[in-house]
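The sequence and structure are shown first.

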Amino acid sequence: MSKVNLSVNLAGVDLKNPLVTASGTFNPQAHSQFYDLSLLGGVTLKGVADVAWPGNPTPRIAETYGGMLNSVGLHNPGVEAMKKEDLPFMEQFDTAVIVNTAGHSIEEYCRVSEALQEESRVDLVELNISCPNVKEGGVTFGTDPKMVEKVVAAVKKCTKQPLIVKLSPNVTDITEIAKAAEAAGADALSLINTLFGMRIDIYRKKPILAQKMGGFSGPAVKPVAVRMVYQVHKAVQIPILGMGGVMTAEDVIEFIMAGATAVATGTANLVDPMAPVKILEELPQVLEKLGVTDINEIRGIIE
Ligand SMILES: Cc1cc2nc3c(=O)[nH]c(=O)nc-3n(C[C@H](O)[C@H](O)[C@H](O)COP(=O)(O)O)c2cc1C
């Protein structure tokens, strides 16, 4: 039995360990067939909107070196269906539940948060600001600091649980966006969402994704994610849920040293459903090798 303390506190919520699953890459019903979800620090459910969204046309997944592209387009059954299916299912597990929310307008984001206010199984709400803002010409909410401040301030008012704001990496200066979210009342930040990418099938002379472009994720994006977590940790006081290409226990430690309080696996859950379990087995061993007795000791130690 390892003596290393793995428990962390994310925006007032105690997690038994820092490992969480990332939104859209994890399905409680499917993944619980492989392992006991109570092993995890937390789970993040797929992005959910006020009503069902059909998602984008297929093909909407493409593999690439060290990662994948997706243009799933936040296909989801709507918040009421999630309340009937996923939240009751999560009752049997002792792990934190984060609900990731999507919207095309501030009003839509608020409607999802309002629908979750009385749900005791929801520990944290994660606002995905990488959605297109239909009222402002389809520009992504998360790429303009003024828009970030507006949406976060509004959603904070209609959210009862601590609010994590999930940042898009497709910006010039991530610290400006992070500071805007903090100023508007975010309790924590999560980063990174996917990078914008594209692949072409040279034989068909067509983009592989029906949508042409999509979100790039997986181990190839990790250095970008670690850099952004490092920069954001230096710029704000609120805790960070770090993610982007995490595959191993060493990756988790890298994110924590850069400044993350908790760390999520995304694409890894699709490559190997057992990835979080393997990481959690190795994490105390690697920390012991580093002479660490409490994971909180190494948070943000990089100058
Ligand atoms: C298939 C797929 C679906 C995703 N769906 C969502 C989503 O609904 N909401 C969200 O905020 N992020 C979503 N993401 C982004 C991930 O949560 C994560 O931020 C990103 O993939 C980087 O982590 P990774 O490199 O470990 O996958 C999705 C990613 C993938 C690959």
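This is a predicted model: local features need pLDDT of at least 70, side-chain atom pairs count only at pLDDT 80 or more; totals for chains, interfaces and linings use all residues.

**A walk through the model**

In helix 5, the residues I174, T175, A178 and K179 meet M228, Q231, V232 and A235 of helix 6. By class, this contact of helix 5 with helix 6 comprises 5 nonpolar residues, 2 polar residues and 1 charged residue.

Two packed helices are described by the angle between their axes and the distance between the axes. For helix 5 and helix 6, the latter spanning residues 222-235, the angle is about 45° and the axes are 9 Å apart. Helix 5 is therefore oblique to helix 6. The crossing in which helix 5 passes helix 6 is right-handed.

Helix 5 also packs against helix 4. The axes of helix 4, residues 145-157, and helix 5, residues 174-183, come within 8 Å and cross at roughly 25°. Because of this angle, helix 4 counts as roughly parallel to helix 5. Here too the crossing is right-handed, as helix 4 passes helix 5. On the side of helix 4, the contact involves P145, V148, E149 and V152, which meet E176, I177, A180, A181 and A183 in helix 5.

Helix 6 in turn has a contact with helix 7. Helix 7 covers residues 249-258, and helix 6 packs with it at an angle of about 25°, the axes being 8 Å apart. Helix 6 is therefore roughly parallel to helix 7. From helix 6, the residues K222, V226, V229, Y230 and H233 take part, and from helix 7 the residues D251, E254, F255 and A258. Sorted by class, the contact of helix 6 with helix 7 holds 5 nonpolar residues, 1 polar residue and 3 charged residues.

These helices belong to a protein with 9 helices and 18 strands. Its C-alpha trace spans about 50 × 50 × 40 Å along the principal axes. How does the radius of gyration relate to that of a compact globule? With 303 residues, a compact globule would have a radius of gyration near 19 Å, and the protein has 18 Å, so the two agree.

The ligand is the next point of interest. Around the ligand there are 26 residues, of which A22, G24, G47, S217 and G266 come nearest. At least two residues of this shell are supplied by each of strand 4 (42-48), strand 16 (213-217) and helix 8 (267-271). The shell around the ligand divides into 7 nonpolar, 17 polar and 2 charged residues.

Some details of the backbone remain to be examined. Most residues other than glycine have a negative phi, and most peptide bonds are trans. Against that background, A11 has a positive phi of about 50° although it is not a glycine. A11 is found in the loop between strand 1 (8-10) and strand 2 (13-15).

Where do cis peptide bonds occur? One runs from T58 to P59, with omega near -5°. P59 is located in the loop between strand 4 and strand 5, the latter being residues 61-64. A cis peptide bond also joins L191 and I192, where omega is about 10°. I192 lies in the loop that runs between strand 12 (188-191) and strand 13 (195-198).

Technical notes
Residues are numbered from 1 along each chain as its sequence is written. Axes are lines fitted to C-alpha atoms, for helices over the stretch in contact, and angles run from 0 to 180 degrees between N-to-C directions. Helices (H or I, at least four residues) and strands (E, at least two) are DSSP runs, numbered from the N terminus. Angles under 35 degrees count as roughly parallel, over 145 as roughly antiparallel, 65 to 115 as roughly perpendicular and the rest as oblique. A crossing is left-handed if the near helix is turned anticlockwise from the far one by less than a right angle, and right-handed if clockwise. Two residues are in contact if their C-beta atoms, placed from the backbone, lie within 7 Å. A residue is near a molecule or strand if its C-beta atom, placed from the backbone, lies within 6 Å of it. Ala, Val, Leu, Ile, Met, Phe, Trp, Tyr, Cys and Pro count as nonpolar, Asp, Glu, Lys and Arg as charged, and the others, Gly among them, as polar. The radius of gyration is taken over C-alpha atoms; the globule rule is 2.2 Å times the number of residues to the power 0.38.
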